[in-house]
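Dear colleague,

I am passing on the structure below, together with some notes on what was found in it. Please read the notes with the coordinates open beside them.

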Amino acid sequence: MTSERSLVLVKPDGFARGLTGEVLRRIEAKGYRLVALSVLTASPEMLHRHYAEHEGKPFFEALVEFMSSGPLTAAVIEGERCIEGFRSLAGATDPTLAPPGSIRGDLGRDWGEGVQKNIVHGSDSPESAAREIGIWFPQL
Ligand code: DAT
Ligand code: MG
């Protein structure tokens, strides 16, 4: 058994476009379970912690500003290899390069705003998942 948990965000662009249900539908259709679900507007402080690995990169401040610009949906999902599995469902970071069939490939738009508005976040490793779940759902 390699059941694991991952932290998923429907980012403010996806939330504003009404895509939360579509993202959750794909997660559930794949067979992953929802463990926790929350709608909130994240503080810059939370996002500095969440995106700590990117601190100092040229896009970091704009990313934090965008991610704190409005409500988003945070979820913890659970299932066999769901960390890798959700990354596959999401597709590549750049929505133009993400394959059709993936969330970013089907729904993501890169219309002059770079790759920032790519609808979803998913943890990239068990260590990241544990760290991120602690930030978004400290009660778990
Ligand atoms: P991912 O979200 O696929 O894990 P990442 O961790 O490399 O990608 O980057 C986090 C987010 O930061 C990403 O979803 C969008 C934004 N981002 C990444 N690279 C960027 C770049 N070169 N310019 C602008 N935004 C970028
Ligand atoms: Mg990442």
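In what order do the four strands of the open sheet stand, and is their pairing parallel or antiparallel? Before the answer, please keep in mind that this is a predicted model. The order is β2-β3-β1-β4, and the pairing is antiparallel. Because β2 (33–40) and β4 (120–122) stand at the edges with a single partner strand each, one side of each is left without a neighbour in the sheet. Neighbouring strands are turned against each other by 20° on average, if direction is ignored.

Within the sheet, β1 (residues 3–10) and β3 (residues 72–80) pair in the antiparallel sense over eight bridges, and valine 10 stands opposite threonine 73 in β3. In general, strands of a sheet pair through backbone hydrogen bonds, in either a parallel or an antiparallel manner.

Two helices lie across strands of this sheet. Helix α2 (residues 20–30) lies across β1, β3 and β4 and runs at about 165° to β1, whereas helix α7 (residues 126–136) lies across β1 and β3 and runs at about 55° to β1. Alanine 29 has its place in helix α2, and this alanine 29 counts as exposed because it has 9 C-beta neighbours inside 10 Å, where the cut-off for exposed is 12 or fewer. The C-alpha atoms of alanine 29 and serine 123, which are 94 residues apart along the chain, are separated by 19 Å.

As for the ligand, the residues around ligand 1 are His54, Phe59, Leu63, Thr93, Gly114, Val115, Gln116, Asn118, His121 and Asp124. This shell divides into three nonpolar residues, six polar ones and one charged one.

Most residues other than glycine have a negative phi. Arginine 81, however, has a positive phi near 50°, and arginine 81 is found in the loop between β3 and α5 (82–90). Isoleucine 119 likewise has a positive phi, near 75°, and isoleucine 119 lies in the loop between α6 (103–107) and β4.

Which of the classes, buried or partly exposed, applies to arginine 81 with its 13 C-beta neighbours inside 10 Å? Arginine 81 counts as partly exposed, because its 13 neighbours fall between the limits of 12 or fewer for exposed and 20 or more for buried. Isoleucine 119, by contrast, has 26 C-beta neighbours inside 10 Å and therefore counts as buried.

Conventions:
Residues are numbered from 1 along each chain as its sequence is written. Chains are lettered from A and ligands numbered from 1 in the order in which they are written. This is a predicted model: local features need pLDDT of at least 70, side-chain atom pairs count only at pLDDT 80 or more; totals for chains, interfaces and linings use all residues. Two strands pair if DSSP finds at least two bridges between them. Axes are lines fitted to C-alpha atoms, for helices over the stretch in contact, and angles run from 0 to 180 degrees between N-to-C directions. Two residues are in contact if their C-beta atoms, placed from the backbone, lie within 7 Å. A residue is near a molecule or strand if its C-beta atom, placed from the backbone, lies within 6 Å of it. Ala, Val, Leu, Ile, Met, Phe, Trp, Tyr, Cys and Pro count as nonpolar, Asp, Glu, Lys and Arg as charged, and the others, Gly among them, as polar.
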